[in-house]
Amino acid sequence: MATDKKRVELAEIIPDKCIGCQLCAGICPVGAIEMVDGVARIDPAACIGCGKCADVCPVESIKFERKKRKPAGERKVGKPAGVPGYEGVAVFVEVLEGQGASVSWELVGKARDLAGKMGTTVLGFVVGHEVEEIAGEALAYGCDDVHVIDDPLLGTYLSRPYGKAVSDLCTTVKPEILLIGATLAGRDLSGVVATILETGLTADCTGLDIDEEKRILLMTRPTFGGNIMATIFCERHRPQMSTVRPKVFRLPEKDVERKGGIHRHAFEPPAGEPPSVIERVRDVAGAVVDITRFPALIVAGKGACDAESMPMFQRLAGVLGGVVACSRPVVESGLLPYERQVGQTGKTVAPKLYVAIGVSGAVQHLVGMQGSERIVAINSDPQAPIFGVADFGIIGDYKIVVPLFIDELERKMKSGAGGT
Amino acid sequence: MNLVCCIKQVPDTNDVKIDPETNTLIRSGVESITNPYDLVAVQAAIDIKGRYGGTVTVITMGPPQAEASLREALSLGADRAVLLSDRAFAGADTLATSYTLFKAIDKLGRESPVDLVICGKQAIDGDTAQVGPGIATRLGCTQFTYVTEIGQVDRTGGRVTVRRKAEGGSEVIVGRLPAMLTVELELTKVKRASLPRLIDALRAPVTVWNAESLEAEAPRLGLKGSPTWVRKIFSPPLKKGGPRFDAREGARVAVDACVAALLDDATFAGHVLKH
């Protein structure tokens, strides 16, 4: 262990282990780490021995022993009661074509979970025009109190008016957590609200939990294209904000008997002339398939990227009551359109059945489908990582396996054989 | 027309893989590239300059080596490059990043008012898509995200028209200038530079601004100005997976066994029979 003149312990890089990810360089509060030939190097003159680099290093390539100092992430311990004056887990309820977006209800379900751990309430934030019914629905899905801003100026989603309305609600109601669905509008909105409130925002979380001792939200998300998972927290600012993609959490049961309070707030529009939408084009029904809505997906990967096999995949989709989707290389080859792509840069899906054919299972793909209830993988490479997440795997050439699979499935289904 | 693009140098995340044996990341030889969305932003700005005239300034916040991305933008046809580099900027999350970029845009705006700020939709290393909206909010200007087409930019009338993605389709929307746009990859193709332009770009000067030149408030910069902290970084858990049936020899036997096992599984069978 190296020390400087004042005997402060300095961090040291083990060059053989360093993978050049630059996380340490990013987290170093004094900029003491730079990349030299793809390997991190610590400037001992600048290092203050905080140990942050050792905490973030994913491969333990930084030598640092803590005798005198606690890990940087835990040094600033907050008051166990959270930040005084802020209370409750709020969910922004997005209105899509006059209806509450299902991702919002999924988040209300998760919020109940989190609120339970903190012993607090779930709040719904409903913003829009003529949203009375949706406010009632928010109670049915699990909100204890619903705060509504209903105004003709909020009839369609616009960044600044919505940003103002939601941040005003936060200032008035003071929730300690605000969850927003990571839809197009939700991602646009969350950046605005977090900046107005000068608080922390973590995008596209796949896991949310509470550190009950410190009463803080732990937000886990994929980063570096889905290759690393990071758990992020926001200790001193409120609300702690997080966006979550659709289908990450389960839709809760609706209980129309549930009661709660509905509170109306006036809208104070932001200064200046708002933008106006002059044309809206809907994707033609049928022309664009929403793969997130099907209970079964037959997913073609790089190893099954040929036009001739598509009818066969469609037949299997027909048998299982689903549609054909794909991984990124298949979209890049032009065989299937982007809206059929599953994964980090495509859609997150969670069907009942996920049949992956010729999908190797790159991490970027896996983060978009791991929530599927049953995963079946067909791949000729026994080492393919997809087998690691599959509930059932068939090792073999899909051109031979898939026809046999369809035949056998149809035969068994006709004879009514089944485990249940 | 005064156009500003915010760009970022990122590790090429597609090269990052996990070693299945040790469950660690293999990142040796991973190169730094300019975020692909940001190159589209730069090209879009250059196209607008081609239509209406004006200047394109590219800004990046990063360590000194991020200059390479600025030179790439210059080679595409940007006029001026500004590197925001200071140890005080290190460790910034999206809130501190948007503050720093805002201070730089504000400084440029005092020289000559900025009409359009163009950013990529998101960076491929973090995928957050938060910095663009952060900048727009701080500027108090019009914000259009997920832009797929830039229509008329009417400087005299003070309006910009774009097509952008919206839930279930797209919309054409018009708003006041100045505006901040974040762009999708399909907006335009990046036109690679000719050799003479590449050489010019290598020789062009790059302005470097630090925290002092931005007149930035120190507590709002870098790690200090970042409300979010990383508690833990880990590789996604690798699961073992369920039974495997080897169909490389005796395909029918293996497939039949797999189907039998599937139909014994209540979830699978329940779905199939219901269907």
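Guide: What follows is a close look at one pair of helices. The model is a predicted one, in which local features need pLDDT of at least 70 and side-chain atom pairs count only at pLDDT 80 or more, while totals for chains, interfaces and linings use all residues. Residues are numbered from 1 along each chain as its sequence is written, and chains are lettered from A and ligands numbered from 1 in the order in which they are written.

Two packed helices are described by the angle between their axes and the distance between the axes. Here the pair consists of helix α8 (residues 310-320) of chain A and helix α12 (residues 398-414) of chain A, whose axes come within 10 Å and cross at roughly 25°. Helices are DSSP runs of H or I with at least four residues, numbered from the N terminus; their axes are lines fitted to C-alpha atoms over the stretch in contact, and angles run from 0 to 180 degrees between N-to-C directions. Because angles under 35 degrees count as roughly parallel, α8(A) is roughly parallel to α12(A). The crossing of α8(A) with α12(A) is left-handed, a term used if the near helix is turned anticlockwise from the far one by less than a right angle.

On the α8(A) side, M312(A), R315(A), L316(A) and V319(A) meet V402(A), P403(A), I406(A), L409(A) and E410(A) of α12(A), where contact requires C-beta atoms, placed from the backbone, to lie within 7 Å. By class, this contact of α8(A) with α12(A) has seven nonpolar, no polar and two charged residues, with Ala, Val, Leu, Ile, Met, Phe, Trp, Tyr, Cys and Pro counted as nonpolar, Asp, Glu, Lys and Arg as charged, and the others, Gly among them, as polar.

Notes. Helices (H or I, at least four residues) and strands (E, at least two) are DSSP runs, numbered from the N terminus. Angles under 35 degrees count as roughly parallel, over 145 as roughly antiparallel, 65 to 115 as roughly perpendicular and the rest as oblique. Two residues are in contact if their C-beta atoms, placed from the backbone, lie within 7 Å.
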